[in-house]
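Please look over the notes below alongside the structure.

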Amino acid sequence: MPRIADWGELEGPLTAFGGVHSNLHALDALLAEARGTPICTGDVVAYCADAAACVARVRGADIRTIAGNCETQLADGAADCGCGFEDGTACDLLSDAWYAHAAREVDADARAWMGALPDWATFRHAGRRWLVVHGAPSAQNSFVWQSTDLAPEIALAEAEVGRIDGILSGHSGLPFVRREGRHLWVNAGAIGMPPHDGATATRFAEIDAEGDVSIHRLDYDWHGARDAMTASGLVQGYHETLRTGWWPSEDVLPQDLRRSQPSMA
């Protein structure tokens with residue numbers, strides 16, 4: 001059973017983001033731009049160099065946060081990130097280095113904070129009741145894309161928490177806003193890595209005081225973030241993603257989201 005927090009009624013604008021991915025430069029840029037209440041969909045820690053500093057910054061800024069799979073795994077002392085990558089894929093193999101680095105960075109106090117985070121959270125805002133999850137109601141590490149069938153996930157959520165009007169998620173790293181019947185699904189994307197689009201800017205979401213949702217670009221000092229990764233020995237591929245905007249592997253993506261489409265010959 002997920003641990004569910006009730007954040008009550010939130011007022012004014014909200015800034016929703018996830019996938020900090022240990023990218024302190026991006027997190028500081030986000031906090032400088034954030035309007036109103038900040039909400040994090042998890043994975044404060046992952047690919048980049050500054051895991052401990054990002055945890056400290058999120059805690060110090062009193063950001064409303066749920067657990068991502070990286071927080072859950074680190075809190076449990078697990079040997080891998082639990083990201084949902086298939087065994088033997090490039091994403092799975094590349095995760096060994098950055099997860100080991102993050103595990104060395106975070107201390108017992110940070111792990112205790114991670115272990116106390118809720119898996120889900122609910123809140124009310126501008127006439128809507130929202131559920132915040134990391135990946136999906138079905139699994140913390142589920143990848144939800146623009147093309148995913150959302151109806152079963154919404155049904156699972158409402159069976160657990162009752163009627164909702166929207167779901168706010170992250171994990172997949174690709175932002176979208178989609179309406180499914182009367183429900184709204186918002187994937188806020190990730191601020192720590194670009195959305196596989198060939199540019200350095202990352203993404204976050206805003207929900208204004210009236211409830212309107214928009215996705216925004218986040219420009220930040222990616223040079224500094226990349227230099228920090230290089231200095232930490234994190235040169236397996238994700239450091240280049242900060243520069244090129246392309247992920248080091250597409251094997252986690254559906255075919256229609258990959259740069260190279262398979263031959264039909």
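The numbered points that follow concern a predicted model.

1. Burial of β9. Strand β9 spans residues 183-187 and is mostly covered, with 5 of its 5 residues buried.

2. Side-chain directions in β9. In a regular strand, side chains alternate between the two faces of the sheet. In β9, H183, W185 and N187 point one way, while L184 and V186 point the other way. Both sets are buried.

3. Pairing with β7. Strand β7, residues 166-169, runs parallel to β9, and the two are joined over 4 bridges. Within this pairing, G166 has L184 of β9 as its bridge partner.

4. Pairing with β8. On β8, residues 176-180, the sense is antiparallel, and 5 bridges link this strand to β9. F176 is bridged to N187 of β9.

5. The turn. β8 and β9 make up a hairpin with 2 residues between them. G181 lies in that turn and has a positive phi of about 65°.

6. Disulfides. How many disulfides does the model contain? The count is 0. C40 takes part in none, and the nearest cysteine sulfur, that of C54, is 10.0 Å away. C40 counts as buried because its relative accessibility is 0%.

Methods:
Residues are numbered from 1 along each chain as its sequence is written. This is a predicted model: local features need pLDDT of at least 70, side-chain atom pairs count only at pLDDT 80 or more; totals for chains, interfaces and linings use all residues. Side-chain values use heavy atoms; hydrogens and water are left out. Buried means under 20% relative accessible area, exposed over 50%, partly exposed in between (1.4 Å probe, protein chains only). Two strands pair if DSSP finds at least two bridges between them. A disulfide is a pair of cysteine sulfur atoms within 2.5 Å.
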